[in-house]
Amino acid sequence: MANQGHDLPLYEKIWVKRKFQRVIDTLILVLLLLLLSYRLFSSNNFTFPWFLAFICESWFTFTWIVILNTKWSPAVTITHPNRLLLRVPESEFPPVDLLVTTADHVLEPPIITVNTVLSLLALDYPTNKLACYVSDDGCSPLTFYALVEASKFAKFWVPFCKKNCVQVRAPFRYFSDIATNKSEDSLEFKQEWLQMKDMYDNLCQKIEEVTGKTIPFQLDGEFAVFSNTDQRNHPTIIKVILENMGDLLDGLPHLIYISREKRPQYHHNYKAGAMNVLTRVSGLMTNAPFILNVDCDMFVNNPKIVLHALCILMDSQRGKEVAFVQCFQQFYDGIKDDPFGNQWMITFKNIIMGMAGLQGPFYGGTNAFHRRNAIYGLYPDEIESERKGKLEGKILIEKFGSSKEFIKSSAQALGGSAFSANDITTFNFIEAATQVSNCEYEYDTCWGKQMGWLYGSISEDVPTGLNIQRKGWRSECCTPDPIAFTGCAPGGILSTMLQQKRWASGLTVVFFGKHSPITGMLFGKTQFRAGLSFFWLTNWGLRGLFLVCYIALLAFCIITNTNIFPKGLGLWIPIALFVIYNVHTLLEYLTIGLSIRHWWNNQRMCIIRTTTASFLGFLSAMLKLSGISDSVFEITDKKPSTSGADGNNADAGRFTFEESPVFVIGTTILLVHMTAMLIKFLGLQPTHSGNGCGLGESISSMYVIVCYWPYLKGLFARGKYGIPLSTICKSAVLALVFVHFCRSNVIS
Ligand SMILES: O=c1ccn([C@@H]2O[C@H](COP(=O)(O)OP(=O)(O)O[C@H]3O[C@H](CO)[C@@H](O)[C@H](O)[C@H]3O)[C@@H](O)[C@H]2O)c(=O)[nH]1
Ligand SMILES: [Mn+2]
């Protein structure tokens, strides 16, 4: 019986057929190449606009090649947790460390973190094999208080979930779902349910009470360590909130709170710094071979997810080459038709599934199961064979830092010998853990440079993943049903833009840095097509630069009455491109059941986002690379929006404007194009003997204005729906400068 299905793989990879799409995608590439060759060989003028258009279109073509390559051979993985259960007795399941990061109790209300932690504690996995570590970069007694209260609630919540096979184990979601209390449920269950709900409401109330006040509570007893602390200046605080003392199968997992030391003179490296501290502290206490990391808002939606991920990581065939298993980010309560383009449904289908068919998806920063050894910098072939050299004490100290206890634990982890926790007691654990969480611990070690979460980019996830894949590791997607994790997408246009800007900036830094896919392909073991697919990510900011150039060029042409598009028969190339591309993407949306509105919102947001957030991100990366100013990790606001994020609210998808440079750029683009159209319709274009501006330029300019429709409405709306006057003024000045520049350059 126990031997049943021994030779069957724990997971399978299935390639998805997409012949029709390949044909259309290739056709688009051919048209792009045609346009480029038309530019090269037409007897038309080789003016500056033509040259610039050629550069931009070459870039677009390259981007399309990247996308085509990524989409070419998509794959999905299918996991078989029942086979794993048959093969490995529960007592031999490997430990898994659960790492959670939170950084600001205002933008990330403690109740959100609490829900994520509760869902982790209630995972369907032996509780004595789980340990949850929460890093709080906000050093907030409120977060700590909330976790302590949550741990009391967990003693009832976890057994309740397991007994009743609850699916969604984040209580705020569970209780908001009316379907959880159905009429056919037994009386006993109903009573329990009500009791649980009562307790949860109680917990929320307690947390709300303290978060509402300016001086929340007396900082004494357990909380005394938080007195006189400042977010940017405080010693390490470590608290063991729950400890599974008797190694009990049905107890609760360990729960540990960590706020690493911060000092103004030390750069704390944002989330990457926090993750490295979490890795070390968990290494000291439980040293699990596998690590799950989630952001504070990403709760477990499928309680069996650990088993699914282990199917991949523990598969005896291909599993050994897999460094991490990535569950795609999905969101709850997404606004209908994705007005801000931040739900990424089609990206998952096209890009991530595409990468899964190559060397594997990129690491997305959250919802990922890692092999501790890969985080520690091991190569895949070192897992089984020679790694003696790496285990020598001196080398380990140079790489991992000087904590004796940590060296011991890392040698164990690298040696693959014992997954057993160290002979560490709560008392010496705190001491050792404090040492590895202090600011100067990483000084002169490899942390953040060659191993662990890498520093230097505010999109730390991408270089971290690339650094692992360049060593020859693969990664896999895990897409169980129901979805593994769900989190909250940014609720408004501003937070979406700021997130995009951060990504663009961080990714541009990666592109020009030593962890770019190019170096991975040239000097590492990143496979060629996989490396090419990673450009889709790292070029995020550069795309902004080229698109802004192109859009400015269009306006320039209309204002100065010149052209970049072919005339006559040649004009059919860009027109065919435009039509085929749009029909093709629309079909892609419709086939997976998304609406036309969803498609249009995404098309529009792609233009808006690329020309504003990505472009600004690119500029900020340039400032960073040239050493002028550093870029800051601006945390995404996770407060539930007051206007109701339920998607039914009429206001939920509307653009609300505030003062911010991202809106200045967008408004400028809109004003410039409106001015250009006005000049054209009023007949104010200069006349000259050259080749004047034609239909192509006008249609494109109109398309830009249509994309920017929400901004156009914002120009005339009031209150939060209106673009602030100061932003309009700044944009108007910029637009005037641009128009003046064009007029003074008129080619006559
Ligand atoms: O100094 C910091 C800043 C952030 N965080 C945590 O980092 C996570 C991600 O921050 P968030 O503001 O939610 O950013 P997102 O844009 O939603 O995050 C995406 O992009 C990030 C990289 O830019 C990745 O790290 C994330 O995993 C990925 O979900 C959160 O848990 C934060 O608490 C820290 O721990 N310390
Ligand atoms: Mn997030």
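The following questions and answers concern a predicted model of a protein chain with a ligand.

Student: How many helices and strands does the protein chain have?
Tutor: The model is predicted, and its secondary structure is counted along the protein chain. The count gives 26 helices and twelve strands.

Student: Which radius of gyration does the protein chain have, and why does it agree with a compact globule?
Tutor: The C-alpha atoms fill a box of roughly 90 × 60 × 55 Å along the principal axes. A compact globule of 748 residues would have a radius of gyration near 27 Å. The value for the protein chain agrees with this, because it is 27 Å.

Student: Which helix supplies the largest share of the shell around ligand 1?
Tutor: The shell has 24 residues, and the closest are Thr101, Ala103, Asp295, Gly365 and Thr636. Strand S3 (96-102), helix H8 (270-285) and helix H17 (493-512) each supply at least two residues. The largest share is four residues, and the helix supplying them is H17.

Student: How many residues of the shell around ligand 1 are charged?
Tutor: Sorted by class, the shell has eight nonpolar and nine polar residues. The charged residues in the shell number seven.

Student: How are H8 and H14 oriented to each other?
Tutor: Helix H14 covers residues 404-415, and its axis lies 9 Å from that of H8. The packing angle is about 85°. An angle of 65 to 115 degrees counts as roughly perpendicular, so H8 and H14 are roughly perpendicular.

Student: Which residues of H14 make the contact with H8, and how many residues of that contact are charged?
Tutor: On the H8 side the contact is made by Arg280, Gly283 and Leu284. H14 contributes Glu405, Phe406, Ser409, Ser410 and Ala413. By class the contact has three nonpolar and three polar residues, and the charged ones number two.

Student: How are H22 and H23 oriented to each other?
Tutor: The axes of helix H22 (residues 596-625) and H23 come within 9 Å and cross at roughly 135°. Only angles over 145 degrees count as roughly antiparallel, so H22 is oblique to H23.

Student: How many charged residues are in the contact of H22 with H23?
Tutor: H22 brings Ile608, Thr611, Thr612, Ala613, Phe615 and Leu616 to meet Pro661, Val662, Ile665, Gly666 and Ile669 in H23. Eight of the contact residues are nonpolar and three are polar.

Student: At what angle do H23 and H26 cross, and with which handedness?
Tutor: Helix H23 (residues 661-681) and helix H26 (residues 725-744) have axes that come within 8 Å. The crossing angle is roughly 50°, so the two helices are oblique. The crossing of H23 with H26 is right-handed.

Student: Where is proline 482, and is its peptide bond from aspartate 481 cis or trans?
Tutor: Proline 482 sits in the loop between strand S11 (474-477) and strand S12 (485-486). Omega of the bond from aspartate 481 is near -5°, and the bond is cis.

Student: What is phi of aspartate 333?
Tutor: Aspartate 333 lies in the loop between strand S9 (322-326) and helix H10 (345-356). Its phi is positive in a residue other than glycine, with a value near 55°.

How values were computed. Residues numbered from 1 in each chain as written. Chains lettered and ligands numbered in written order. Predicted model: local features only at pLDDT ≥ 70, side-chain atom pairs only at ≥ 80, totals over all residues. Near = placed C-beta within 6 Å. Nonpolar A, V, L, I, M, F, W, Y, C, P; charged D, E, K, R; others polar. Axes fitted to C-alpha atoms, helices over the stretch in contact; angles between N-to-C directions. Parallel < 35°, antiparallel > 145°, perpendicular 65-115°, else oblique. Left-handed = near helix turned anticlockwise from the far one by under 90°. Rg over C-alpha atoms; globule rule 2.2 N^0.38 Å. Contact = placed C-beta atoms within 7 Å.
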